[in-house]
Amino acid sequence: MKKFLSPLLFLGLFLSLAKAQELPDPMYPPRLVNDFAGLLNSEEVNRLEYKLRNYHDTTSTQIYIITVSDLMGYDLADFTFRVGEKWGIGQKGKDNGLIIMIKPKVGNERGEAMIATGYGLEDVIPDALAKRIIEKELIPEFKEENFYAGLDKATTTVMDLASGKFTGDDYLDEGGFPISLIFLFFVFLYIYSGIRRQKGKSLGHSVPLGAAMGMFSNMGRSSGGYSSFSSGRGSFGGFSGGGGGSFGGGGARGSW
Amino acid sequence: MNRKNLLQLLALIMLIPFFSSCGYNRMVSLEEGVTSQWANVENVYQRRMDLIPNLVNTVKGYANFEQQTLTQVIEARAKATSVTIDPTNLTEANLKQFQQVQGEVSSALSRLMMTIERYPDLKANQNFLELQAQLEGTENRIAVERRKFNEDVQKYNSYIRSFPRVIYAGWFGFEKKAYFEADQAAKEAPKVDFGN
């Protein structure tokens with residue numbers, strides 16, 4: 001019996017090893033930003049990691065950013081879904097994993113980006129929406145090599161969508177910015193100025209609308225808002241990598 | 001009952017205590033895995049079928065759009081809807097037929113998408129862009145579910161065909177199941193992804 005089995009076993013082992021070698025392994029220790037291609041500097045990596053880790057800790061949704069300079073001969077979509085499956089991105093049963101995969105321009109090859117949604121996120125981030133995020137938020141920044149800016153915007157949008165802060169229809173209709181947020185901003189401004197006035201400080205109305213609008217228009221840029229965070233290097237703990245989630249081919253891609 | 005049957009029956013009875021360790025239950029669960037994965041495969045193909053009428057309606061509105069490519073898509077779809085496979089009967093011939101009719105839909109669709117290249121207005125149409133993204137996503141889903149199906153079939157097949165199960169798997173009706181073959185359409189699944 002051993003004689004019969006061992007060639008089979010050996011073959012199986014060999015095949016699985018050969019397969020496993022082709023796809024990259026997650027970085028160790030496990031993290032959400034796996035910048036194999038080195039597109040981000042260490043501070044940018046830390047900021048994104050912090051943002052994504054925070055989100056993961058509160059919602060269990062795993063948003064991975066992966067950059068590679070070589071797709072090992074796979075098509076981008078195929079590569080992304082295989083990696084997602086292999087790393088088990090998302091929680092088992094919930095399948096709430098999302099991958100932003102980037103293959104930068106190398107030589108004459110075009111740069112490519114893909115957003116892949118796990119089964120559980122297909123409803124909140126449908127393909128058309130993923131496409132829109134790529135075309136509107138990632139590609140324009142990536143063209144200028146501003147990888148951090150694009151990723152920061154896209155992750156904010158994805159998080160807001162995934163936690164139901166606004167729906168896909170809002171996003172598609174309002175051209176990217178939900179009216180409700182603008183409204184909230186003015187409500188906040190009103191209350192704030194009210195408080196200042198009550199305190200007797202004459203600042204009340206002196207926040208000029210122009211400046212307020214200026215602040216507002218900057219919001220998109222620095223929407224990460226973690227600018228005070230810079231010293232967290234290596235202090236992340238308690239993340240144990242993919243949770244066994246699964247992907248069914250949802251998402252979209254684009255190139256530049 | 002002749003002698004051969006009797007012997008088989010005896011052997012079977014003797015094997016009963018070993019079934020839990022000899023993999024009967026595992027064969028069942030692997031087969032179930034294949035069956036349920038087949039349902040996923042059919043779902044994603046159905047998803048593509050459901051998109052086609054939308055696509056056709058969007059495109060049809062455009063003045064003098066080439067009727068021929070549209071008709072081909074509609075015909076291929078009609079043909080493909082008539083072919084379904086009973087998941088308990090995943091034989092090579094069945095799967096091949098399924099793959100062939102769906103392959104025709106794929107190529108009709110990619111011809112349609114290629115034709116659309118010549119209609120800049122249509123390409124800029126918001127409705128169409130969304131349909132295009134959905135179609136791309138659907139092609140990706142098809143590729144993924146097919147791959148998973150093949151992996152499940154491979155697990156099942158290699159399990160029932162390895163020793164000692166190869167001897168008795170057939171007695172319980174565990175037959176080898178067919179794979180999807182990599183056809184041209186599958187290898188270049190996101191064909192509709194044009195110059196963006």
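Author: Happy to! One term comes first: two residues are in contact when they have heavy atoms within 4.5 Å of each other. Please also keep in mind that this is a predicted model.

Let's start with the meeting place itself. Chain A brings 30 residues to the contact, and chain B brings 21. Between them, about 1,900 Å² of area is buried, and carbon and sulfur atoms give 49% of it. Five salt bridges are counted between chain B and chain A. On chain B, the element that gives the most to the side touching chain A is helix H7, residues 126-160, with 14 residues. Sorted by class, that side of chain B has nine charged, seven polar and five nonpolar residues.

Here is a general idea to carry along: side chains of opposite charge can pair when their charged atoms come close. Now for the pairs themselves. A:Glu122 makes a salt bridge with B:Arg141, with 3.5 Å between the closest N and O atoms. Another joins A:Glu85 to B:Lys148, and there the closest N and O atoms are 3.4 Å apart. This second pair crosses between the chains, running from helix H3 of chain A to helix H7 of chain B.

A:Asp78 is partly exposed, with a relative accessible area of 25%, and A:Arg82 is buried, at 18%. These two belong to a network of salt bridges that also links B:Arg147 and B:Glu151.

Next, step back into chain B. Its secondary structure is nine helices and zero strands. Of its 196 residues, 42% are buried. One salt bridge here joins the side chains of B:Arg48 and B:Glu139, at 3.1 Å from N to O. This pair links distant parts of the chain, as B:Arg48 lies in helix H3 (residues 24-60) of chain B and B:Glu139 lies in helix H7, 91 residues apart. B:Arg48 counts as buried because its relative accessibility is 0%, and B:Glu139 is buried too, with a relative accessible area of 8%.

Chain A has another makeup, with eight helices and five strands. Along the sequence, the pattern reads α-β-α-β-α-β-β-α-α-α-α-α-β. Buried residues make up 45% of its 256 residues.

What lies inside? The largest nonpolar core has 53 residues, and A:Ile66, A:Met101, A:Leu138 and A:Leu151 have the most contacts inside it. Among the elements of chain A that each supply at least two residues of this core are helix H3 (76-87), strand E2 (62-67) and strand E3 (97-103). A second, separate core has 46 residues, including B:Leu30 and B:Phe149.

Beyond its neighbours within four places in sequence, A:Met101 is in contact with residues including A:Ile66, A:Phe79, A:Val83 and A:Met114. A:Ile66, seen from its own side and with such neighbours again left aside, touches A:Met101 as well as A:Phe36, A:Val83 and A:Trp87, among others.

A:Lys103 is found in strand E3 too. This lysine is buried, with a relative accessible area of 2%. Its side chain and that of A:Glu109 are joined by a polar contact of 2.9 Å. Leaving aside neighbours within four places in sequence, the contacts of A:Lys103 include A:Val68, A:Ser69, A:Glu112 and A:Trp256.

To finish, over all chains the count comes to 21 salt bridges, and five of them are counted between chain B and chain A.

Technical notes: Residues are numbered from 1 along each chain as its sequence is written. Chains are lettered from A and ligands numbered from 1 in the order in which they are written. This is a predicted model: local features need pLDDT of at least 70, side-chain atom pairs count only at pLDDT 80 or more; totals for chains, interfaces and linings use all residues. Side-chain values use heavy atoms; hydrogens and water are left out. Buried area is the accessible area (1.4 Å probe) that two parts lose on being put together, summed over both. A salt bridge is a side-chain nitrogen of Lys or Arg within 4 Å of a carboxyl oxygen of Asp or Glu. Helices (H or I, at least four residues) and strands (E, at least two) are DSSP runs, numbered from the N terminus. Ala, Val, Leu, Ile, Met, Phe, Trp, Tyr, Cys and Pro count as nonpolar, Asp, Glu, Lys and Arg as charged, and the others, Gly among them, as polar. A nonpolar core is a set of buried Ala, Val, Leu, Ile, Met, Phe, Trp, Tyr and Cys residues joined through side-chain atoms within 4.5 Å. Buried means under 20% relative accessible area, exposed over 50%, partly exposed in between (1.4 Å probe, protein chains only). A polar contact is a pair of N or O atoms within 3.5 Å; within protein, one must be able to donate a hydrogen and the other to accept it, and residues adjacent in sequence count only if both atoms are side-chain atoms.
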